[in-house]
Amino acid sequence: MEELASLADLAEACYNDPHCMWAGQGLSAGGRIWVQGGAVAVSCPALSGQDRLVIRGPHDAAIELIRGVIPMVAGSYILVGDADLVTMVTAAVPGLAPRKQFGWMDTAIMPSNARSHRVRWLCAEEWSEVADLLGEAFPDSYARPAVPGVHRWAGIRDGSEPLVATAADAWSTPTVGFLAGVAVSESARGEGRGRDVCHFVLEDLLAVYGRASLMVHTWNTAAIRTYSGLGMSWRLLGSAWIGEPRGSPQGGVAAITQRAARGRGQSAARLT
C-alpha cells in the first residue's frame with residue numbers, strides 16, 4: 001500500500017474519476033489518499049455532511065486496500081463507491097456494515113435547453129430566506145447557509161414575492177463543481193422552477209470547474225428525471241458503515257429510513 005500526496009497523483013491513479021477527485025479536496029483538511037494494485041481510497045472529513053472514504057478499482061485490490069486503510073480512519077467515516085464494488089468489499093472485510101445506496105450524477109456538457117424563469121446568485125442578506133425555504137421544502141438538506149464548504153446560493157423570486165426556489169454551489173473542488181440544497185416552495189412547484197435554478201447553477205459550475213455533479217436519492221425519480229433532462233449521467237453508489245451502524249449527523253439509521261419513507265411520498269413534487 002502506497003500513500004499519495006497530491007491531487008495530480010490522485011488524478012493519474014483514478015483516471016480523473018470525478019467522484020474520487022471530488023473527495024480529493026480533503027487533502028487540504030486532513031484527508032489522505034492510498035493506492036494498491038490499481039485500487040484507490042480517498043478519505044475526506046466533513047464532505048457533504050459525512051466523513052467519507054471513497055473507494056475505486058478492481059474488486060480484489062480494493063478489498064486488500066480497504067483492509068489496510070480501515071485502521072487508519074476514524075469510526076465516523078462511511079465507505080462510499082460504486083454499488084457493486086461496495087457490496088463486494090463489505091461482504092469480504094470485517095468491520096463493515098451495509099448502509100444505503102444513492103445516485104451520483106455528473107456532466108461536462110452545458111445544458112442545451114433554455115430557462116423560463118429569472119435566476120440569480122443571492123446576496124448574503126438573502127440567505128436567511130434560503131434557510132426558511134429549506135426548512136419548509138427540504139429540512140434534511142446537508143447544504144445550508146454558513147455551513148463550511150457551502151459557497152453560494154442561487155434563487156428565483158416571483159416578482160417582489162419571497163424566495164420560491166434555491167440551489168447551492170457547495171463542496172466544489174478545482175475540477176468538480178457540486179450542486180446541492182435544491183428546494184422549491186410547495187406553492188411554486190410544477191412550473192419548472194426547480195429545473196431552472198439547477199440549470200443556472202450547472203451552467204456556472206461548468207464554466208468555473210469544467211464538470212458539475214450532485215447526489216440524489218434513488219427513490220426521487222422526479223429529480224433524477226430533471227437532472228437527466230439537463231444532460232447529467234447516472235451512476236449508482238453504495239455505502240457502508242465502518243464499524244457498527246450508528247447515529248448520523250441527521251439522526252441515525254432509523255431516522256434515515258423514516259425520512260426516505262416520507263420522501264418517497266413527496267418525490268413527484270420535490271427536487272433533492
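Tryptophan 22 is buried, with a relative accessible area of 0%; here buried means under 20% relative accessible area, exposed over 50%, and partly exposed in between, for a 1.4 Å probe and protein chains only. The model is predicted, so local features need pLDDT of at least 70 and side-chain atom pairs count only at pLDDT 80 or more, while totals for chains, interfaces and linings use all residues. Residues are numbered from 1 along each chain as its sequence is written, and side-chain values use heavy atoms, with hydrogens and water left out.

The structure contains four aromatic pairs, that is, rings of Phe, Tyr and Trp (its six-membered ring) whose centres lie within 6.5 Å; planes under 30 degrees apart count as stacked, over 60 as edge-to-face and the rest as tilted. Ring pairs join Trp22, Trp104 and Phe178 into a cluster.

The charged end of arginine 99 is 5.0 Å from the ring centre of tryptophan 241, and arginine 152 is 4.0 Å from that of tryptophan 121.

A search of the whole structure finds zero disulfides, a disulfide being a pair of cysteine sulfur atoms within 2.5 Å. Cysteine 198 is buried, at 0% relative accessible area, whereas cysteine 123 is partly exposed, at 36%.

Technical notes
A charge sits over a ring if NZ of Lys or CZ of Arg is within 6 Å of the ring centre and within 35 degrees of the ring normal.
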